Amino acid sequence: MLQFIERLLVWLRGETLKLLLLAGVLLLVWGTLSPVGTLVWWLSQSAGSLGLNKNQRKLPSGVNTKRYRVGGRSTEAVKSTKIDCYLIYLPGVGDFSANEVTPGEEFFLKHLIELHPNCVAVSDVFPYSVANESLGGQRLLAPLWRAAKDADGWLSNADILIKIRNLWRFAISADERYGPIYNLGIANAIIDRMNAAHPMPQSSNQPLKLVLISTSGGAQVALGAVSYLEQRLNAELFVISVGGSFDGNTGFDEVDHMYHLQGRRDWVEDITRLLFASRWPLTVGSPFNQARREGRYTVQVSGPHAHDGAEGYFGQAFVGTSKTTYVELTLQKVNQLPIWSNQQGD
């Protein structure tokens, strides 16, 4: 063992070691400065825009008021709608913007909506920006992110910079100091995009069904937003983690039920299970373990999925010799969850 360490140090000696040390320092500085954007966003908001007014009531649900044009002039009519469900899709840490869904993800959302026509899909929330801006919209570093996204050839692995950058936002969401601010911003973005996709119904005691479907680091951000969505909306809140990563503290006290789909070949998902002590069985008092004991956290094996790629949860390769693709298998598993039943509410 000592000989191996000695050889490793010899190999790292010189310029290679200097480059690695420089990269390590840059990552530490990057991580230290990551919360700055969140704090700047917080300072630019008002209490009203943050939903912090004490007299602000929960947004109701049920009947939708729409405008119709009659004889060249507009009038208002109240029209009952069957839309009582919103599906919020939060992508993984490799994404550059909210509208960068892969063909597999697009297939998944399209067919899930076809199976549940009372639901509206919302896929334009970027969980790695408190202001819901794509990386291309951040003026200072936008050229860097575009270059990393579009790099090819021997630079094709430069997209690791985007993943590292988004992982820092994952960490902020889980951080007890900055997480509440960050997660509040994401919750506001979710409500805004819900209204843009379909105006939220008005004046009814019947709660909406709000399903946050997330993968990779998006699961942590989904759980972070749940606390604030619960305060703002009259809704049943469900989180579906598709190979997602998350701590064991955030959101578990507020979520009605969380379902975690895990592929048999997905080793990435195991990292946070080991990293966060709040998810260890020994920490019996953590929100995660309490939710598990109360039956509000369920794990299901999705199949032979890897974490990503053609054989990932949204991959379009065929499963073995079958005629079912990996994304179709994921769709089947999600559609079999009991949340789609009208009786599901506990």
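## A walk through the predicted fold

The accessible surface of the protein chain comes to about 18300 Å², and 57% of that belongs to carbon and sulfur atoms; areas here come from the Shrake-Rupley method with a 1.4 Å probe, and for residues only the protein chains shown count as cover. Keep in mind that this is a predicted model, where local features need pLDDT of at least 70, side-chain atom pairs count only at pLDDT 80 or more, and totals for chains, interfaces and linings use all residues. Residues are numbered from 1 along each chain as its sequence is written, and side-chain values use heavy atoms, with hydrogens and water left out.

The protein chain has 10 helices and 8 strands. Both are DSSP runs numbered from the N terminus: helices are H or I with at least four residues, strands are E with at least two. Of the 346 residues, 45% count as buried, where buried means under 20% relative accessible area, exposed means over 50%, and partly exposed is in between (1.4 Å probe, protein chains only). Contact means heavy atoms within 4.5 Å. Among the contacts with a separation of 6 or more, 71% are between residues 24 or more positions apart.

**The cores**

A nonpolar core is a set of buried Ala, Val, Leu, Ile, Met, Phe, Trp, Tyr and Cys residues joined through side-chain atoms within 4.5 Å. The largest one here has 46 residues, and the members that touch the most others are Y86, I88, I190, M194, L210, L212 and L229. Elements that give two or more residues to this core include strand 3 (85-90), strand 4 (119-122), helix 5 (160-174) and helix 6 (179-197). Strand 5 (208-215), helix 7 (218-232), strand 6 (235-242) and helix 9 (287-293) are also on that list. Apart from this core lies another, of 22 residues, with I240, V327, I339 and W340 among them. In soluble globular proteins, nonpolar side chains tend to be buried together.

V120 sits in strand 4 and is buried, at 11% relative accessibility. Leaving aside neighbours within four places in sequence, V120 is in contact with I83, C85, Y86, L87, I113, A197 and H198.

Then there is P127, in the loop between strand 4 and helix 4. P127 counts as buried at 0% relative accessibility, and it touches L90, P91, Y182, I186 and V221, again not counting residues up to four places away in sequence. I181, for its part, is found in helix 6 and is buried with a relative accessible area of 13%.

Here are some pairs that are separated in sequence, with their C-alpha distances:

| Pair | Apart in sequence | C-alpha to C-alpha |
|---|---|---|
| P127 and G92 | 35 residues | 8.6 Å |
| I181 and V130 | 51 residues | 8.5 Å |
| V120 and I88 | 32 residues | 8.5 Å |

**Helix 3 meets helix 10**

Helix 3 (residues 103-115) and helix 10 (residues 326-335) pack at an angle of about 35°, with their axes 10 Å apart. Axes are lines fitted to C-alpha atoms, for helices over the stretch in contact, and angles run from 0 to 180 degrees between N-to-C directions. On the helix 3 side, G104, F107, F108, H111, L112 and L115 take part; they meet V327, E328, T330, L331, V334 and N335 in helix 10. The residues of this contact divide into 7 nonpolar, 4 polar and 1 charged.

Within helix 10, Y326, V327, L329, T330, L331 and V334 are buried. What covers them includes helix 3, strand 6, strand 7 (257-263) and strand 8 (297-303).

Most residues other than glycine have a negative phi. N132 is not a glycine, yet has a positive phi of about 60°. N132 is in the loop between strand 4 and helix 4 (142-150), and at 22% relative accessibility counts as partly exposed. S216, not a glycine either, has a positive phi of about 55°. S216 is found in the loop between strand 5 and helix 7 and is buried, with a relative accessible area of 11%.

Conventions
Ala, Val, Leu, Ile, Met, Phe, Trp, Tyr, Cys and Pro count as nonpolar, Asp, Glu, Lys and Arg as charged, and the others, Gly among them, as polar.
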